[in-house]
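Biologist: Hi! I'm new to this one, could you walk me through it?
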Amino acid sequence: MAGLFVLLLLFHCSLFAPLSLASTELIASKPRHSRLLKGALQRQTTLEEGYELWKPLPDQGWKPYREFGIKSRLPETSEGYIQVFLDGGLNQQRMGICDAVAVAKILNATLVVPYLEVNPVWQDSSSFTDIFDVDHFISVLKDDIRIVKELPDEYSWSTREYYSIAIRATRIKTAPVHSSAHWYLDNVLPVLQSYGIAAISPFSHRLAFDNMPMEIQRLRCKVNFQALVFVPHIRALGDAIVSRLTSETEGGNYLREVTESGGKPGSGKYVVVHLRFDKDMAAHSACDFGGGKAEKLALAKYRQIIWQGRVLNSQFTDEELRSQGRCPLTPEEIGLVLAALGFDNSTRLYLASHKVYGGEARILTLRDLFPLMQDKKSLASSEERANIKGKASLLAAVDYYVGMQADIFVSASPGNMHNAMVGHRTYMNMKTIRPNMQLLGPLFLNKSLSWPEFQAAVVEGHRNRHGNIKLRKGEQSIYTYPAPDCMCQEA
């Protein structure tokens, strides 16, 4: 029996090892697109191309609303307290916070500062007050809704633990995805009026984007673009990183030597690349990333553990997925795209990423293309990063802050960070390059493509993807497409 127990224990450990030992997996470091890489390393960008690439967006005739709705006095009494429990990463939680404020307004309820669930992937327990300036949040919204940091003593029993052990009359767990305002009035308001409190969980994506009163839409915009500000130490670290990225000092402590910096396009400027290539993303995509049999088995095992095999993409071949643009860009591929767009080896590139699947071996090609590439670790000391170490949400907050100061932002693959940054930078009329995944997938599948052909196709396919205003269509997110709900056309 003892021997059997040991065998079972070893099997159990081997099954779950990929979750904690991702860095030990064999990852291919050889380039997958050698023909293109050779051309990219020999690339040259003319002064005219450089100035065109780095110049700010022109005025597109849209500006942010500065007054979000008609100022009116709050009703003298509140219908009760609303709690929400938000899961997901930083940017999914951010959208949930905006929706929570809107729901509190719809119900004339007092919002309890939202509770952020522990992230199941990164095991981050950061709270709202760890990430966002709660006093600023309350102050900006004081004329719109009532907000409290904690429940009064009479409702102190309403905790996450209270709702996790039994069915409770005050918990609303049936809110459909993209619920209407009327759904909340019909289903949540009666609970508030009966008990004085209602806890909504799950809450992610639980408020519709269409058929909402304009007052509610404008309030969501106000929360996202004005009320949600990171805590001071996040902003201070972000400012330090930006200062070092834009410094003209050559051979300094934080930047490698900048060649030909004097008067060259892009001098003192930087581009942020959000590299969404963690193990979770790689596994869920079900794509092949060139790591051979060991990588395929490791990702398949991870999919089985995390999602019990329920990954729709896994029924398609890698070629089918890539031809449809459904595979995240690898560090090598996003490097080739940037090079094709005109970024050269003097470009100051900031890499916004929590963990890259495969570690440094996976990034080598990107670093060869952009030797001035930096990140949080290279631009800030361990002492400066002490408050954010090991905290995925705070690390993401720093990247978001640095990304909002960048001259150009590029996201390697769609996702919540991409959506949030695209929307926020659209609102501020800042240049943001959105990769054309449907174009790039087939391009990378074509192994006979020459560098000039690839470059021409990439430039043409991204001509109108540098931050042009796109009006929100039905069911699209107000946080990704802020016009026309959060913006107005200039006369």
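Predicted model: local features only at pLDDT ≥ 70, side-chain atom pairs only at ≥ 80, totals over all residues.

Biologist: Thanks! How many helices and strands are there in the protein?
Modeller: The protein has 21 helices and twelve strands.

Biologist: And what share of the residues count as buried?
Modeller: Of its 491 residues, 52% count as buried. The accessible surface is about 23200 Å², and carbon and sulfur atoms account for 53% of that.

Biologist: Let's zoom in. Where is I197 found?
Modeller: I197 sits in strand β7, which covers residues 197–200.

Biologist: Is I197 buried or exposed?
Modeller: Buried, because its relative accessibility is 0%.

Biologist: Which residues does I197 touch?
Modeller: Leaving out residues up to four places away in sequence, I197 touches Y81, Q83, L151, Y155, W157, S158, T170, V191 and L192. Take T170: it is 27 residues from I197 in sequence, and their C-alpha atoms are 6.6 Å apart in space.

Biologist: Switching topic: how do helix α18 and helix α19 cross?
Modeller: Helix α18 (residues 392–405) and helix α19 (residues 416–427) have axes that come within 11 Å and cross at roughly 30°. That angle is under 35 degrees, so α18 and α19 count as roughly parallel. Their crossing is right-handed.

Biologist: Which residues meet there, in α18 and in α19?
Modeller: From α18 there are A396, D399, Y400, G403 and M404, and they meet M417, A420, M421, H424 and R425 of α19. By type, the residues of this contact are six nonpolar, two polar and two charged.

Methods. Residues numbered from 1 in each chain as written. Heavy atoms only, no water. Helix = DSSP H or I, 4+ residues; strand = E, 2+ residues; numbered from the N terminus. Buried < 20%, exposed > 50% of the residue type's maximum accessible area, 1.4 Å probe, protein only. Contact = heavy atoms within 4.5 Å. Areas by Shrake-Rupley, 256 points an atom, 1.4 Å probe, with all protein chains shown as cover. Axes fitted to C-alpha atoms, helices over the stretch in contact; angles between N-to-C directions. Parallel < 35°, antiparallel > 145°, perpendicular 65-115°, else oblique. Left-handed = near helix turned anticlockwise from the far one by under 90°. Nonpolar A, V, L, I, M, F, W, Y, C, P; charged D, E, K, R; others polar.
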